[in-house]
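Hi everyone, thanks for coming.

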Amino acid sequence: MIRFRLYFDKDQETKWLNQMVSDGWALKGFFAGFYSFERCEKGEWIYQIDFGDHAYHVSDEYRELMTDLGIEIVALWGFWIILRKRAADGPFELYTDTESMIGHYRKILKMFMGVIALELICFLVEVIGGVTGTGIAWGFAVLIAVLTAACGRAAFKMQKVISRLEAEKNGIEQ
């Protein structure tokens with residue numbers, strides 16, 4: 001089975017993948033928003049999503065650590081790393097302390113800010129193309145504006161999560 005979804009929120013994506021496996025569908029691959037699933041025992045896996053240091057690559061040390069922990073790398077897409085572990089092997093959490101969670105979300109926020117900056121430059125180039133007479137440029141400008149807004153929304157959510165975690169770390173009630 002193949003499903004198409006675009007997620008800009010790794011927590012929502014993780015939740016959806018774990019819902020799919022609870023319905024008996026295990027992720028077997030991912031490419032550009034297309035998730036490929038195969039039948040499995042309901043609840044057989046637990047999924048987590050990590051954020052790597054390099055696009056489309058993880059180090060040998062990372063692979064070895066995951067293997068040693070009984071964790072399988074299902075897919076790499078950009079900086080996203082989709083992981084799974086057999087539910088029978090116990091809980092699966094990548095970041096268990098507040099400080100490591102804050103660092104994790106800050107890395108994601110930094111990536112979104114870089115993408116937003118790049119998309120704004122592309123948007124301006126398309127607007128200039130539209131003004132100078134290239135009609136199709138307006139269509140691309142709208143598409144880029146929508147992507148920029150989605151990344152902006154995701155960055156805002158990441159900042160809220162970071163703020164909540166920092167308040168929690170400092171013992172401040174929200």
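Helices (H or I, at least four residues) and strands (E, at least two) are DSSP runs, numbered from the N terminus.

A word on where this comes from. It is a predicted model, so local features need pLDDT of at least 70 and side-chain atom pairs count only at pLDDT 80 or more, while totals for chains, interfaces and linings use all residues. Residues are numbered from 1 along each chain as its sequence is written, and side-chain values use heavy atoms, with hydrogens and water left out.

Now, the sheet. Three strands make an open sheet, ordered E1-E3-E2, with antiparallel pairing. At the edges sit strand E1 (2-4) and strand E2 (25-31), each pairing on one side only. From one strand to the next, the twist averages 30°.

Let's take E1 with strand E3, residues 34-39: they are antiparallel over three bridges. Who faces whom here? Ile 2 is opposite Ser 36 in E3, and Phe 4 has Phe 34 of E3 as its bridge partner.

On to E2 and E3, which pair antiparallel over six bridges. Leu 27 is opposite Phe 37 in E3. Two residues lie between the strands of this hairpin, and Ala 32 takes a positive phi near 50° there.

Which helix lies across these strands? Helix H1, residues 10-22, lies across E1, E2 and E3, and runs at about 25° to E3. For that angle, axes are lines fitted to C-alpha atoms, for helices over the stretch in contact, and angles run from 0 to 180 degrees between N-to-C directions. Contact means heavy atoms within 4.5 Å.

Let's step back to the whole protein. How many helices and strands are there? There are four helices and six strands, and along the sequence they follow β-α-β-β-β-α-β-β-α-α. The C-alpha atoms fill a box of roughly 60 × 45 × 30 Å along the principal axes.

Of the 174 residues, 37% count as buried, meaning under 20% relative accessible area (1.4 Å probe, protein chains only). And among contacts between residues at least 6 apart in sequence, 59% join residues at least 24 apart.

Conventions
Buried < 20%, exposed > 50% of the residue type's maximum accessible area, 1.4 Å probe, protein only. Pairing = 2+ DSSP bridges.
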